[in-house]
Amino acid sequence: MSQAADSPSETYSYLGPAGTFTEAALKLVEAAVGKPWRSVNNVGEALDDVMTGRSVGAVIAIENSVDGGVSATQDALARIPGVRIVGEYLVPVDFVLVARPGTSLSDVRTVNAHPVAYAQTHHWLEANLPGHGHIPASSNVAAAAVLLDDHPTADAAVAPPGITDHYDLAVLADSIGDNASAVTRFVLVSKTLAIPPRTGSDKTSVIVELPADHPGALVDMLEQFATRGINMGLLSSRPIGDELGRYRFVIDLDGHVHDERVADALLGLRRFSPRVTFLGSYPRADGLRSEVSPRYSDQAFVEARDWLRAIVSGEPDAG
C-alpha cells in the first residue's frame, strides 16, 4: 500500500510507520483496500487529516484489554468536534523478540521496547533474560528499527509480529506477551454524518461532561442507562482540565441510536449534561448481539408513547 496521499479524497491515515498494530487494524477496513494509506506520527495528526480532508478516514486505537482506555485518543476526540466513529476493529496483541541476524538469545543484555509493550512482556523477559536492561523506545516499530543503526544501544527489541517483513531482523522468540488474550480495539473515524444502519449487534459511543461536582452526580448520569436497560461496555473518566474535580466520561453503550432505548437515553443525557458529544453508532467488531428485556424493546417504547398520546388527545382508555 502506498503511504503517499496521491488521492486525498480516498486516503486513509494510520499511526505508523509500517508494521504497527494500527496498520494491522487498517488492513481489516474493507473500504481501505486498494486505497492510498498515509502514515502519521500521532493521534492528533490522524484526526487533523480527517478534519482537513487530507484523508477520508483514520484508524486510531481507543482501548486495550490490558491497559484500558487510550487517554490520548479519548482526549483528542473530546477536543475535536465533528468526527464520527463509523467502525471498530479488534487486533490481537502479541509480541516477538527480534535482533540483528547472527544474534542469539544468550547474547542479549539490553532490550529496546516501548513502555507499554515492555509492561506487557516483562514477565517473559525477566524469566528468559534475567538481569537485562530496558531502553524505552518511542514506538513498537522504532524499537526494532534502531537495532539496524551503525551503533545500536540495545541487543534486541520487543516488536509486533510481522516486523521482519519490513526490517532485516531475526526473530529470537515468538509469542512473548504475558497475556495471550490481549487485544486492542481500534476505531475508524470520519467526518461523515451518515450513521451506519443498525445490525442488532451495535455500539454507540458518547462523551458526557458532568454538570457539576456534587454528591450523586455520577449516579444521576448512570441512571440514564440503567432505567432503560442499557449496558455499558466502557466507562472511562478523563479530567476536563479547567479545574480540579471536573471530569468528562467516555462511554460505550450496547445498542444503536435508532434503538428506542438508546435514543431515549441520549435525550435524557442531553437534558442532564451541559455537553454531550455523540461519537457514533456502528457495528460491533465481535458480532455479539445485545440482550434486551421485553420491557426495553422498541415495541415497549412505542406502546408507551401511544398510550400517553391517547391520554393527551382525550381518547378512551383501552386498558
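Two strands count as paired if DSSP finds at least two bridges between them. All views show a predicted model.

**View 1. Strands β13 and β14 pair in the antiparallel sense.** Seven bridges join β13 to strand β14, residues 247-254. R238 stands opposite R248 in β14.

**View 2. β13 and β14 belong to an open sheet of four strands.** The order is β13-β14-β12-β15, with antiparallel pairing. β13 (232-239) and β15 (276-283) are the edge strands. Each of these two pairs on one side only. From one strand to the next, the twist averages 10 degrees.

View 3. From α7, the contact takes in A217, D220, M221, Q224 and F225. From α8, A265, G268, L269 and F272 meet them. The residues of this contact divide into six nonpolar, two polar and one charged.

**View 4. A second open sheet holds five strands.** The order is β8-β7-β9-β6-β10, and the pairing is mixed. β8 (133-136) and β10 (170-173) stand at the edges. Each has a single partner strand, so one side of each is left without a neighbour in the sheet. The twist averages 35 degrees from one strand to the next.

**View 5. Strands β7 and β8 pair in the parallel sense.** Four bridges link β8 with β7, residues 110-113. T110 stands opposite G133 in β8.

**View 6. The largest nonpolar core has 32 residues.** L26, L97 and V158 touch the most other members. Helix α1 (residues 21-26) supplies the largest share of this core, three residues. A second, separate core has 20 residues, including A58, V187, V189 and L234.

**View 7. V158 and its contacts beyond four places in sequence.** Leaving aside those neighbours, V158 is in contact with F95, V96 and L97, among others. V111, N112 and A113 are also among its contacts. Further contacts of V158 include A117, T121, L125, N140, A143 and I176.

Key
Residues are numbered from 1 along each chain as its sequence is written. This is a predicted model: local features need pLDDT of at least 70, side-chain atom pairs count only at pLDDT 80 or more; totals for chains, interfaces and linings use all residues. Side-chain values use heavy atoms; hydrogens and water are left out. Axes are lines fitted to C-alpha atoms, for helices over the stretch in contact, and angles run from 0 to 180 degrees between N-to-C directions. Contact means heavy atoms within 4.5 Å. Ala, Val, Leu, Ile, Met, Phe, Trp, Tyr, Cys and Pro count as nonpolar, Asp, Glu, Lys and Arg as charged, and the others, Gly among them, as polar. A nonpolar core is a set of buried Ala, Val, Leu, Ile, Met, Phe, Trp, Tyr and Cys residues joined through side-chain atoms within 4.5 Å. Buried means under 20% relative accessible area, exposed over 50%, partly exposed in between (1.4 Å probe, protein chains only).
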